[in-house]
Each structure stands twice: as C-alpha cells, then as structure tokens.
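Biologist: I am new to this structure and would like to learn how to read its features one at a time. Could we look at it together, with the general idea given before the particular case?

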Amino acid sequence: MIRALTLPDVLRTNHRTFTLRRVAESDLGALMFLLADDSISAARGDRAEELDTAAYLPALKELMSDSSNEVLLVVDEVDEPVATMQLTRIPGLSRRGATRLLVEAVRVCSVERSSGIGSAMMRWVITTAAATTGAALVQLTSDQAREDAHRFYERLGFVGTHRGFKFQVE
C-alpha cells in the first residue's frame, strides 16, 4: 500500500459519481472478473473461475503488503465494482533522480466502457496520485493490439515515446 495516497476518493464523470478505494482481499472475485472481462487478458489466461483463486490470492496479498504498490477499485453508487488499476511507485536515478508512477492493469467492466470512468481514473492518477507520491512522470504500457486504448491515452496527453519489450519466462 502506498501510504501517501489518501483513499477513498471520489471520481466524477459527466453523469455519475464513483468511489475510488483500496482493494481488500474480499474484492478478489471482482478483480478476477474485471481482468477476465477483457478479451486480451482472457486470451492470456485471466479467468474469473473459483479454481483460479489460489493463483491470484498470493499475488494480491503481496501487492497489498508492498509499500510501493497500490491496487485500486472503482465502485458505483451501490458499491458494485466497475474498474480497477494498479499503481507502482518507482524511484529512479535517470532524469536527475526522478520518481515514476507506473500504471498497470487498467480495466473497466465492459458495460461501463466509454462512460468516462477511465478518463476520471487517469485524471486522478495525473493530478492527485502523481503529486502525492512525488512522481515526476506517469508511465504505462499498453498491448500493441489495444489501438482504442492508445487513442484514449493520447487524448489524455500521454505520448508514445518508447518501445517496450517483454520476455516470457517459462
């Protein structure tokens, strides 16, 4: 948990108000659903099946206990989870010792996509979380197949300055 972040907080879209809060272990099922409710994640094996709880729970516990990480959940007016994201604060030497705030695993449930929740989440990251954590740079990666997401991030002011690489360890 990144203790500097003051949560819960309020996110507003044009028509609704949502609550952004830290996850609890009891939110694991909702997190699994949000990951699986994405075709690219589902193709990588993310499923919302009870049998997979044993794989996700240790990872969630580790993230929740790590002072550089934060897993956040957005809930609606009736406390129904609608979105999630993970933040990681990364101290660095480059850029004159700049700290980065890495945004990962941004997911909005399919019925709420294009409703403004994603924009509200990213505005909060840029205006609140970055300042609170001392980050000079907010960065993220996005699968090359996510062309809609790339346009979304560019509309928010993100610039595709780097090319990312991954190595899958078997």
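Biologist: In what order do the strands form the sheet, and what is the pairing?

Modeller: Strands of a sheet pair through backbone hydrogen bonds, and they do so either parallel or antiparallel. In this predicted model, 6 strands make up an open sheet whose order is E1-E2-E3-E4-E5-E6, with mixed pairing. At the edges are strand E1 (9-12) and strand E6 (137-140), each of which pairs on one side only. From one strand to the next the twist averages 30°.

Biologist: Over how many bridges do E3 and E4 pair, and in which sense?

Modeller: E3 and E4 pair over 7 bridges in the antiparallel sense, and one of the residues to look for is Glu70, whose bridge partner in E4 is Leu87. The hairpin of these two strands has 5 residues between them, and there Asp79 takes a positive phi near 65°. E2 and E3 are also antiparallel, pairing over 4 bridges, with Arg21 standing opposite Leu73 in E3. Strand E4 (residues 81-90) in turn pairs with strand E5 (residues 100-108), again in the antiparallel sense and over 7 bridges, and here Leu87 is found opposite Val103 in E5.

Biologist: Which residues of E3 point one way, and which point the other way?

Modeller: In a regular strand the side chains alternate between the two faces of the sheet. In E3, Asn69, Val71, Leu73 and Val75 point one way, while Glu70, Leu72 and Val74 point the other way, and all of them are buried. Because 7 of the 7 residues of E3 are buried, the strand is largely enclosed by the rest of the structure.

Biologist: Which strands does helix H5 lie across?

Modeller: Helix H5 (residues 117-133) lies across E1, strand E2 (17-22), strand E3 (69-75), E4, E5 and E6, and its direction is at about 30° to E4.

Biologist: At what angle do the axes of helix H1 and helix H3 cross?

Modeller: The axes of helix H1 (residues 28-36) and helix H3 (residues 53-65) cross at roughly 110° and come within 11 Å. H1 is therefore roughly perpendicular to H3. On the H1 side the contact is made by Leu28, Leu31, Met32 and Leu35, and on the H3 side by Thr53, Tyr56, Leu57 and Leu60. Sorted by class, this contact has 7 nonpolar residues, 1 polar residue and no charged ones.

Biologist: Which residues touch the most other members of the largest nonpolar core?

Modeller: They are Val74, Met85, Leu87 and Trp124, in a core of 40 residues. At least two residues of this core come from each of E2, H1, H3, E3, E4, E5, H5 and helix H6 (147-155), and H5 gives the largest share, 8 residues. To follow one member, take Met85: once its neighbours within four places in sequence are left aside, its contacts include Leu20, Leu72, Val103, Met121 and Trp124.

Biologist: Is Ala59 buried or partly exposed?

Modeller: A residue counts as buried under 20% relative accessible area and as exposed over 50%. Ala59, which lies in helix H3, has a relative accessible area of 38%, so it is partly exposed.

Biologist: How many residues apart are Ala59 and Gly160 in sequence, and what is their distance in space?

Modeller: Ala59 and Gly160 are separated by 101 residues in sequence, and from C-alpha to C-alpha they are 29 Å apart in space.

Notes. Residues numbered from 1 in each chain as written. Predicted model: local features only at pLDDT ≥ 70, side-chain atom pairs only at ≥ 80, totals over all residues. Heavy atoms only, no water. Pairing = 2+ DSSP bridges. Axes fitted to C-alpha atoms, helices over the stretch in contact; angles between N-to-C directions. Contact = heavy atoms within 4.5 Å. Parallel < 35°, antiparallel > 145°, perpendicular 65-115°, else oblique. Nonpolar A, V, L, I, M, F, W, Y, C, P; charged D, E, K, R; others polar. Core = buried A, V, L, I, M, F, W, Y, C linked by side-chain atoms within 4.5 Å. Buried < 20%, exposed > 50% of the residue type's maximum accessible area, 1.4 Å probe, protein only.
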